[in-house]
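Okay, thanks for coming, everyone. I'd like to walk you through a few spots in one model, so let me put it up on the screen.

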Amino acid sequence: MIETDDRIPVTVLTGFLGSGKTTLLNRLLARPALRDTAVIINEFGEVGLDHHLLEQSAEDMVLLANGCICCTIRGDLVEAFDRLDQRLAGQAAPLRRVVIETTGLADPAPILHTLMSEPAVARRYRLDHVATTVDACNSIDTLDRQEEAVKQAAALLRRLREINPGADAVRAGRDDGDWLAAPDGRPRDVRRWLQAEAHESHGDTQGHSAHGHGHHHDHDRTRHGDRIRSYVVTRDEPVSWAGVQRWLAMLSTLRGPDLLRVKGIVNVIEHPGRPVVIHGVQHVFHPHSFLPAWPDDDHRTRIVFITRDVERDLVDDTLRIFERRQP
Amino acid sequence: MPPDATARAAALLRLWNDVALQHVSMGGACACGMGGVTLRLQDFERDILDYLRDEAGRLGEAEAHALLQCHAPAGQEGGMAAVLAALADPDSVVPAAGAAWLLGRLDRTLSSFARLHGGARSGALP
């Protein structure tokens, strides 16, 4: 591996579902110091939406849809860097950095391993930062219940200080972009953390982390334990916004802890041409927002769910009750 | 009404009575301040009946629509138990086609709500 620092720095932005990765990334990319940043987005689900929600020019983004980046490592990630190189070839503005936004269910260790050890990537890119977002409201419960979140949050705060004493903790909204603009220069700390994760993974004979990730394997990409489900609910015709709001309130009350992530674009009867963007994590739904127009030609309502033990038919059937509700 | 249809309706009536009045409470310890909110499936009874009436009207299911209007008139609260009781009554004179259509919708809808409400336990119908 080339050890010089003229390679393009890569930041891996990870964090559990709905912990604020896209929000933080949007805020970071608005900063002048972070122009000339390319973004690789990975989404866990059948329909990728984050690339619509991210305010960045399409030329600088690569979307890895339908699969967890840690499960498709090497193939998809290497290909994504290839596609990035091809898109940027001949462009006048130099590429100064890359941000990989992982799926909220990704185990970051294999991603870092690929970045640092895959020759096709490591020749031009170097791992610079690993940033993990944590939702202050839901994090404690999430850490108790989701193995992936524990692994992601290992780079933070108390555990971080045990595993990686050199890392900084930054609060979103304060000093947002400075850490990303500045080179890290501490690759050995990241490697130590990675080694600790790798050791932990190899010692685990149960569940997702048991199969090593050092080889190609072909399994269900959206399978993170039998209880986690990822699906999208779509509607071709506009739906009642009043009904959707009541439906979401019902879902979040009845099954809030099992709604790991809900996000979507909704075509509402009440506001033609102004899609509504919804975001929710467990029982907390962020204030909805209206887009000024549709981002592309697909005007269907698309709502992505990542749930624990909440099957698609339950969500779909119950939406049917509310979708024509009168305001 | 065929015996299997009345038995199905009776099972749905038991399911409704079992879960409709149960309260679901959101976590009071959550830092978001949402604790203390409670909900019952009965809170959505009108939504379900409005949906069934709309569907029956839209799809031309006149018998089902008439049954709903009789036992759960639009604009009034309640009525689910009365609709199910009429379907479960072996002596009732509900037309078979309308009853079958309504039972199919009720079965799927109430089972979905019950499974959401209580997980797999309450979704298991005989």
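Let's start with Ser19(A), which touches Thr133(A), Val134(A) and Asp135(A), leaving aside residues up to four places away in sequence; contact here means heavy atoms within 4.5 Å. Before I go on, the ground rules: this is a predicted model, where local features need pLDDT of at least 70 and side-chain atom pairs count only at pLDDT 80 or more, while totals for chains, interfaces and linings use all residues. Residues are numbered from 1 along each chain as its sequence is written, chains are lettered from A and ligands numbered from 1 in the order in which they are written, and side-chain values use heavy atoms, with hydrogens and water left out.

Back to Ser19(A). You'll find it in the loop between strand S1 (8-15) and helix H1 (21-29) of chain A. Helices (H or I, at least four residues) and strands (E, at least two) are DSSP runs, numbered from the N terminus. Is Ser19(A) buried or exposed? Buried, with a relative accessible area of 12%; the cut-offs are under 20% for buried, over 50% for exposed and partly exposed in between, using a 1.4 Å probe and protein chains only. Its C-alpha atom is separated by 9.3 Å from that of Arg261(A), 242 residues apart along the chain.

Next, strand S2 (residues 37-42) of chain A. Six of its six residues are buried, so the rest of the structure largely encloses it. Thr37(A), Val39(A) and Ile41(A) are buried on one side, and Ala38(A), Ile40(A) and Asn42(A) on the other. S2(A) pairs in the parallel sense with strand S4 (residues 97-101) of chain A over five bridges; pairing takes at least two bridges found by DSSP. Opposite Ile40(A) in that pair stands Ile100(A).

Now helix H11 (residues 241-255) of chain A, where Arg255(A) lies. Arg255(A) counts as buried because its relative accessibility is 9%. A polar atom of its side chain lies 3.0 Å from the backbone oxygen of Asp309(A).

Last stop, the interface. How many salt bridges are there between chain A and chain B? The count is six, a salt bridge being a side-chain nitrogen of Lys or Arg within 4 Å of a carboxyl oxygen of Asp or Glu. One to click on is Asp317(A) with Arg108(B), the closest N and O atoms being 2.9 Å apart. On the side of chain A that touches chain B, the elements giving two or more residues are H11 and helix H12 (312-322).

Conventions
A polar contact is a pair of N or O atoms within 3.5 Å; within protein, one must be able to donate a hydrogen and the other to accept it, and residues adjacent in sequence count only if both atoms are side-chain atoms.
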